Amino acid sequence: MLCGFFGIGITHSLSHPFPAIFNFGDSLSDTGNLIRINASSVIGHIDRFPYGETYFKYPTGRFSDGRVIIDFVVEAFGHPFLPPYLAGPNGTDFRSGVNFAVGGATALNTTFFTKRNLRLFVNNSLSDQLQWFETLKPLLCCTEQDCSEYLGKSLFVLGEIGGNDYNVPLSQGVSLEEVLQSVPKVVETVSSAAKVLIRHGAKKMVVPNLIPLGCSAIYLTLFSRPNETDLDPLNGCLKRYNDLTMYHNKLLKEAVKQLRMEHPQVKFVYADWYDSSIRLYNSPRSFGFIDTLRACCGGGGPYNFNPSILCADPGFNLCNNPSEFIDWDGIHLTEAAYHQIALGVIYGPYSMPSIFSLTGV
């Protein structure tokens, strides 16, 4: 493969303000990497109906009935959907960007978990995704000047990632108190990844935070206690796990502030996925949602989540209208929910500063 093969002829304009968009993350933004690693993973049979039923009409590797947030972001800037890294490079055009996100991926290196005898959803972490980017980079640009021009004008979306760093230990009996101690390390890993991308030439970066863990059907099913007093009266979510999420997000916001100080030549946008999400649970009918906490696709129970019968497993049940549900499969959200979150981040008040501030030269 020739050096810079994919980078030939790349241009950008007002309707396409970035020559490329690069995304890193987990199942909330995976567009087809995990399905190429293990289609029937422990976090769902994403290769089967009804995944993808709403928009694509077939399973694409997205953990939803349709599009996910990164899809709406790239659409807003006139870009085609990002191809998953593992789909190429042979036969795949990576000139407009690549998605490195993998469902089940963690921010921390996998050894952090294996040393603690914790089973991972997938053997992939943020450092692995960065290595993929570094492997691909010579195919995108050759000289230092070429790379500076191309990557400096491209958009990098670093996350959301970190949720699985908490999902993995919590689902295997590690106490919430112990998991809380790992939050600074998770956030520092995300910050360090941003610095790696900056060294490679990134100058425009979106850093999303975590959506509320305590509102997911899996958490409500696994961690609700008899006579639960920890449910938020406003939305029915588990407050202690949303507190974990908010703690992570607080540290992440501080880390982005520090990155801005250390790298004034780089434009950062802190994307508040949490606040854009929680408003859906607080006022669901304002956004067209009828059922807020039950999964649309699942194996039954109060929240339609059953670890023994996941969405697309034999015996699963499916709601009639996913657009009326926030929760898709107990872990991930519906296209309708992702669309509302994306609208709040792209066009609303949930990006600091506005994501459109990155479109300038």
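## Sheet, helices and core at a glance

Strands S5 and S6 (residues 204-208) run parallel, with 2 bridges joining them. That pair sits inside an open sheet of 6 strands, and helix H8 lies across part of that sheet. Keep in mind that this is a predicted model.

**The sheet**
- Reading across, the strand order is S4-S1-S5-S6-S7-S12, and the pairing is mixed.
- S4 and S12 (351-352) are the edge strands; each has a single partner, so one side of each has no neighbour in the sheet.
- As background, strands in a sheet pair through backbone hydrogen bonds, either parallel or antiparallel.

**Helix H8 and the core**
- H8 lies across S1, S5, S6 and S7 (267-271), and runs at about 160 degrees to S5.
- The largest nonpolar core has 116 residues, and Phe-22, Phe-24 and Met-205 have the most contacts inside it.
- H8 gives the most to this core, with 9 residues.

**Helix H4**
- H4 covers residues 126-140, which makes 15 residues.
- From first C-alpha to last, H4 reaches 20 Å, close to the 21 Å expected at 1.5 Å a residue.
- Its buried residues include Leu-126, Leu-130, Trp-132, Phe-133 and Leu-136, and also Gln-129 and Lys-137.
- The buried residues of H4 pack against strands S1 (21-24), S4 (97-99) and S5 (155-158), and against helices H5 (144-153) and H8 (183-199).

Notes: Residues are numbered from 1 along each chain as its sequence is written. This is a predicted model: local features need pLDDT of at least 70, side-chain atom pairs count only at pLDDT 80 or more; totals for chains, interfaces and linings use all residues. Side-chain values use heavy atoms; hydrogens and water are left out. Helices (H or I, at least four residues) and strands (E, at least two) are DSSP runs, numbered from the N terminus. The expected span of a helix is 1.5 Å times one less than its number of residues. Buried means under 20% relative accessible area, exposed over 50%, partly exposed in between (1.4 Å probe, protein chains only). Contact means heavy atoms within 4.5 Å. A nonpolar core is a set of buried Ala, Val, Leu, Ile, Met, Phe, Trp, Tyr and Cys residues joined through side-chain atoms within 4.5 Å. Two strands pair if DSSP finds at least two bridges between them. Axes are lines fitted to C-alpha atoms, for helices over the stretch in contact, and angles run from 0 to 180 degrees between N-to-C directions.
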